[in-house]
Amino acid sequence: MFITYSDKIYADIGFHVFPIKKYRLIHDRLIKEGIAEPGEFIEPPLAIEEDLLLVHTKEYVRDLMELRWTERTSRSELPLGRKIRDSYLIGTSGTIMACAEALKSHIAVNLSGGFHHAFPDHAEGFCYTNDTAVAIRKTQQEGLARKFFVVDCDLHQGNGTAYIFRDDPDVFTFSIHQENNYPIKQKSDLDIGLPDRVGNEIYISHLQTHIPEILDKFKPEMVIYLAGADPYEKDQLGGLSLTIEGLKERDEYIMSESLERGIPVTILLAGGYAYNTDDTVSIHVNTCIAAKKMWSMFNES
Ligand SMILES: [Zn+2]
C-alpha cells in the first residue's frame with residue numbers, strides 16, 4: 001500500500017498539546033506490528049511555493065516561506081521556524097502524492113496532513129497549510145480528477161476547507177464535529193454539529209444517513225478522508241465519546257462505502273490529542289490497518 005512518511009515531519013514545537021511525535025510513533029508501530037515494511041514508506045519532498053499559491057495568498061505564502069511572524073502566521077498557535085514550516089510542506093506534498101496514487105490503486109495514506117483550519121490568507125489552529133485544498137487544486141490542475149468529496153471526521157469543524165470551497169460545485173465538503181468547540185464555524189456543504197459526549201452509535205448513524213447518499217448523488221471521483229483521532233472519549237481537546245473500537249468502525253465504514261462504489265480514498269490523519277499519546281497512535285494505526293485491508297481487497301481481486 002502507498003504510504004508516505006518522513007522523519008522530518010517531526011519538529012521541536014516546545015511544550016505543546018499537539019503531539020507532533022505521533023507521526024514517528026505511528027510509523028514505528030506500523031513496522032513493529034508488521035503492517036508495513038521499512039522500505040514501503042515514500043518520503044515526500046517539500047511542497048513548492050507554486051503549489052501553495054493554488055490556494056494560499058501571495059502575502060501569506062511569503063510570510064510562511066520567509067518565516068515571518070505576522071498577523072497571518074501567528075494564528076497557528078504554534079511557533080514558526082524552518083523545521084516546523086518544512087513539516088507542513090512535507091505534509092502537503094504527501095497529500096498531493098497520496099491523491100495521485102489513490103487514483104491508481106484505490107487507496108493511499110499520508111501519515112500527516114488534514115490541516116483543515118488553514119485559510120487562504122492565514123494559518124489557524126495548528127495548521128499552516130491547507131494540504132487538502134492544495135492537493136485538490138493540484139490534482140485538478142493535472143487533469144487527474146475534478147470532483148472531490150471531503151469527509152472530515154476530525155472532532156473540530158473543517159473551517160478552512162469549508163471556506164475555501166464554499167462556492168465550488170466540484171468539491172463537496174462534509175464535516176461531522178463537536179458543535180460546542182473550536183473553531184468559529186464556516187459553512188460546509190453539509191455540517192453535522194454534534195452535542196457534547198455523543199458516542200459511537202449516534203455518530204455512526206449520522207454517517208450511515210449521509211455518506212451513501214452523498215456518494216450516490218454527488219458522484220465524486222475521489223474521497224479525501226480526514227480520519228481525525230480526536231472524537232475519542234479520552235481526548236484533551238475534545239468532548240465527544242467515541243471509543244477506539246468505534247473509531248475503527250467509522251474508518252472502515254467510510255472506506256468501504258467509497259471503495260465499493262469504485263471511488264478511491266485518500267486518507268489523512270488530522271488531529272488527535274488523547275491524554276495518553278499511545279491511544280492517539282493506536283487510533284491512527286487502526287486507520288492504517290483498515291486501509292491496508294481494503295487495499296488488499298481491492299487490488300488483489
Ligand atoms: Zn481536531
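**View 1. Leu89 is found in helix α4.** The model is predicted: local features need pLDDT of at least 70, side-chain atom pairs count only at pLDDT 80 or more, and totals for chains, interfaces and linings use all residues. Residues are numbered from 1 along each chain as its sequence is written. Helices (H or I, at least four residues) and strands (E, at least two) are DSSP runs, numbered from the N terminus. Leu89 is buried, having 24 other C-beta atoms within 10 Å; a residue is buried if 20 or more other C-beta atoms lie within 10 Å of its own, exposed if 12 or fewer, and partly exposed in between, with C-beta atoms placed from the backbone.

**View 2. Arg68, Leu67 and Glu77 lie in the loop between α3 and α4.** Arg68 is partly exposed, with 14 other C-beta atoms within 10 Å. Not counting residues up to four places away in sequence, Arg68 touches Asp63 and Thr73. From Arg68 to Leu80 the C-alpha distance is 7.9 Å, over 12 residues in sequence. Leu67 has a phi near 55°, a positive value in a residue other than glycine, and counts as exposed with 12 C-beta neighbours inside 10 Å. Glu77, also not a glycine, has a positive phi of about 60°; with 15 C-beta neighbours inside 10 Å, Glu77 counts as partly exposed.

**View 3. Thr57 sits in the loop between α2 (49–52) and α3.** Thr57 is partly exposed, with 15 other C-beta atoms within 10 Å. Leaving aside neighbours within four places in sequence, Thr57 is in contact with Pro120 and Asp121. The C-alpha atoms of Thr57 and Cys153 are separated by 27 Å, the two residues being 96 apart along the chain.

**View 4. Helix α1 (residues 22–32) crosses helix α9 (residues 277–300) at roughly 55°.** The axes, lines fitted to C-alpha atoms over the stretch in contact, with angles running from 0 to 180 degrees between N-to-C directions, come within 9 Å. That makes α1 oblique to α9; angles under 35 degrees count as roughly parallel, over 145 as roughly antiparallel, 65 to 115 as roughly perpendicular and the rest as oblique. From α1, Lys22, Leu25, Ile26, Arg29 and Leu30 meet Thr277, Thr280, Val281, His284, Val285 and Cys288 of α9.

**View 5. Helix α7 (residues 200–218) packs with helix α8 (residues 244–260) at an angle of about 10°.** Their axes are 11 Å apart, and the two helices are therefore roughly parallel to each other. Asn200, Tyr203, Ile204, Leu207, Ile211, Pro212 and Leu215 of α7 make the contact with Gly246, Glu249, Arg250, Tyr253, Ile254, Glu257 and Ser258 of α8.

**View 6. A cis peptide bond joins Tyr182 and Pro183.** Omega is about 0°. Pro183 lies in the loop between β5 (171–178) and β6 (190–194).

Note on methods. Contact = placed C-beta atoms within 7 Å.
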